[in-house]
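Have the model open as you read.

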Amino acid sequence: LGKNFQEEQFTEMIKFTPPLYKQRYQFVKDLVGKYKPKKVADLGCADCTLLWMLKFCSCIEVLAGLDICASVMKEKMHRLSPLPGDYLQPTERSLTVTLHHGSVAHKDPCMLGFDLVTCIELIEHLEESDLEMFPEVVFGFMSPTMVVISTPNSEFNTLLPGVRVFRHPDHKFEWDRAQFQSWALDTAKRYDYSVEFTGVGNPPTGMEDVGFCTQIGVFVKRYPQTSVSAQSEKPAEAAYKTVFKAVYPSLKDEKYLQNAVVSEVMFTAQIIKRNLLDNLVSEYEENNDDPAERKFKLQHSVNCFSEDLETWANAVVSEVMFTAQIIKRIPLRKIFSFPKVNRLCGTFEKLCKLITGKVTLSSDGSAVMLSTEHENEEN
């Protein structure tokens, strides 16, 4: 968070709301919301704040971060780990988050195949030799569908109290709009990208001529990268060191799907049981003065629910015992008709497969058997 803190000191009097670094991250998040990339890499990820924000975007299945400073990543990378709630309620999407230690001036095959690559306040930290290599690595080798590059607009610096030369002591340069656009247009032309310019951090009223505080270039590849050319450039050895990897629980994993289905089946069975019990008790109370009619309606309600329950009803003398004992067999077809169970399983056959051995079923496998222990206490 060091570079953001330094910047906030300089921009405090301008009163950016929200803070400038948050505006940059929100710009990326909005872009993700619009174009729905599945694989996103953040180069110069620093404290992983942008990656942490993006992990909540449901379209993303792969997140990768790269930074030259491993210690900065390690300090905050725990935020990218799954939480207990992620295991209790796995999502339908898969998500893998990986952090790499290395330089953007080096090529590594782990960075191939990304839809979006972000470089937020990165290029101004690069030495001249690394900046020369940067376009070939990102646009030539990685060749993502979209690249977002943000960098300080030096024309805005005159409005920032305390800025003598650069906004941050580690900056090697800060470009004005003409310099950045010249570099970006040349890079886009060389690697078959188009580029559009925008920014965040509006200037004060009457000072619009200086442009945005942060200038942004959004690059979009004109033609998709062929697998042949990408493979031919693939280096033999990895250049980065992986320092963190997290694989989130997903319903695409059979283990997590089975747990979710079993839990939902038992929950749904209890809901069905409770609804039927409430209906039976309600009918009992409505017809309390007519035992014959009461017994008829109780049997009729049960028969509508499951055909084979009529014989059970005839064997029960007390209506209270009847309601306590009879609702222990919940047909699987009824459970499968509930939207969430249906969505999780897709087919009735898959439902049966997933719960076999995990749920107590009737002898013919057509119904879930619920325990009647403590039933009288509950009622």
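The second largest pocket is lined by L88, Q89, P90, E92, L251, A260, S263, E264, K340, R343 and L344. A pocket here is an open set of points on a 1 Å grid over the protein atoms alone, where a 1.4 Å probe fits, with protein on both sides within 12 Å along at least five of seven lines; lining residues have an atom within 4 Å of a point. This is a predicted model, where local features need pLDDT of at least 70 and side-chain atom pairs count only at pLDDT 80 or more, while totals for chains, interfaces and linings use all residues. Residues are numbered from 1 along each chain as its sequence is written, and side-chain values use heavy atoms, with hydrogens and water left out.

- Two elements, α9 (254–286) and α14 (339–345), each give two or more residues to the lining of the second largest pocket; helices are DSSP runs (H or I, at least four residues) and strands are E runs of at least two, numbered from the N terminus.
- The second largest pocket holds about 240 Å³ of space, a volume being the space filled by probe spheres set on the grid points, which are joined across faces, edges and corners.
- Its lining splits into five nonpolar, two polar and four charged residues (Ala, Val, Leu, Ile, Met, Phe, Trp, Tyr, Cys and Pro are nonpolar, Asp, Glu, Lys and Arg charged, and the others, Gly among them, polar).
- The second largest pocket lies between domain 1 (20–248) and domain 2 (254–298 + 318–369), because both give residues to its lining; the domain bounds come from an automatic or database domain assignment.

**Helix α2 and what follows**

- α2 (20–35) has 16 residues and reaches 23 Å from first C-alpha to last, close to the 22 Å expected at 1.5 Å a residue (that is, 1.5 Å times one less than the number of residues).
- Buried residues in α2 are L20, Y21, Q23, R24, Y25, F27, V28, L31 and V32, where buried means under 20% relative accessible area, exposed over 50%, and partly exposed in between (1.4 Å probe, protein chains only).
- Just after α2, K36 takes a positive phi of about 55°, and K36 sits in the loop between α2 and β1 (39–43).
- K36 counts as exposed because its relative accessibility is 52%.

- Most residues other than glycine have a negative phi, and most peptide bonds are trans.
- C48 is not a glycine, yet has a positive phi of about 70°; C48 is in the loop between β1 and α3 (49–54).
- At 1% relative accessibility, C48 counts as buried.
- T17 and P18 are joined by a cis peptide bond, with omega about -5°, and P18 lies in the loop between α1 (2–11) and α2.
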